[in-house]
Amino acid sequence: MVFLMLKKIYWKSLTPLVIILTLGATILWAHSGVKDPNVMKRMKLMSSMAENTKILGQMIKKQIPFDDGIAMSSMKKIEELSEATPMAFKINASDPKSEAKQLIWEEFVAFTEMANQLTDDLATSTIKTYDDLRPVLMKTAGSCKACHARYRE
């Protein structure tokens, strides 16, 4: 009986570790085999943007508790990453793992304007209460979706 209880506790304590390792491996696998450092830099930037957007999404779904400090930090990080996006794509680098369409460089001014619009939108936003999450998340998700629809494979 004691053995079964210890076994149950052991597996419960391992579950978070397994989840963390699985998520880490997924991110590493997605970026594994990328040879071009410019493409790798872009992929890491986009992954970081997704991670910070996910935090806001988890708060709005009440999967994690609302914390205005964490929410603002995530929003500011997305703003910084959005501002850095045009520079990350300035060099027309290619890699078989890249999902960037050639259209980015053919329409680089429009691509840059999309990134700058998100930067500007977030620069004028604040998250002080739970109710402030939705407008920020909608702006972010809308901008990401519009850009990905046009410029991502």
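Predicted model: local features only at pLDDT ≥ 70, side-chain atom pairs only at ≥ 80, totals over all residues.
Visitor: How many aromatic pairs does a search of the whole structure find?

Guide: The search finds 5 aromatic pairs. One of them joins Phe 89 and Trp 105.

Visitor: What makes Phe 89 and Trp 105 a pair, and why is the pair called tilted?

Guide: Their ring centres lie 6.3 Å apart. The cut-off for a pair is 6.5 Å, so the two rings qualify. The planes stand at 40°. Stacked needs under 30 degrees and edge-to-face over 60, so this pair is tilted.

Visitor: Which parts does the pair tie together?

Guide: Phe 89 sits in the loop between helix H3 (68–88) and helix H4 (103–106), and Trp 105 sits in helix H4. The pair therefore ties together parts 16 residues apart in sequence.

Visitor: Why do Phe 89 and Trp 105 count as buried?

Guide: Phe 89 has 7% relative accessibility. Trp 105 has 15%. Buried means under 20%, so Phe 89 counts as buried, and so does Trp 105.

Visitor: Why is the pair of Phe 108 and Phe 111 tilted?

Guide: Their planes meet at 35°, so the pair is tilted; the centres are 5.9 Å apart. Both residues lie in helix H5 (residues 108–123), about one turn of the helix apart. Phe 111 is buried, at 2% relative accessible area. Phe 108 and Phe 111 belong to one aromatic cluster with Phe 89, Trp 105 and Tyr 151.

Visitor: How do you know that Lys 62 lies over the face of Tyr 130?

Guide: Lys 62 is at 5.0 Å from the ring centre of Tyr 130.

Visitor: Which residues touch the most other members of the largest nonpolar core?

Guide: Leu 56, Ile 127 and Leu 133 do, in a core of 23 residues. Helix H6 (133–151) is one of the helices that each supply at least two residues. H6 gives the most, with 6 residues. Leaving out residues up to four places away in sequence, Leu 133 touches Leu 56, Met 59, Ile 60, Phe 66, Ala 71 and Ile 127.

Visitor: Why is Ser 125 called buried?

Guide: Ser 125 is found in the loop between H5 and H6. Its relative accessibility is 7%, under the 20% limit, so Ser 125 counts as buried.

Visitor: What makes the link between the side chains of Ser 125 and Lys 139 a polar contact?

Guide: The link spans 3.3 Å. Beyond its neighbours within four places in sequence, Ser 125 is in contact with Lys 139, Met 72, Met 75 and Val 136.

How values were computed:
Residues numbered from 1 in each chain as written. Heavy atoms only, no water. Phe/Tyr/Trp six-rings, centres within 6.5 Å; stacked < 30°, edge-to-face > 60°. Helix = DSSP H or I, 4+ residues; strand = E, 2+ residues; numbered from the N terminus. Buried < 20%, exposed > 50% of the residue type's maximum accessible area, 1.4 Å probe, protein only. Lys NZ or Arg CZ within 6 Å of the ring centre and 35° of its normal. Core = buried A, V, L, I, M, F, W, Y, C linked by side-chain atoms within 4.5 Å. Contact = heavy atoms within 4.5 Å. Polar contact = N/O pair within 3.5 Å; in protein donor to acceptor, adjacent residues only side chain to side chain.
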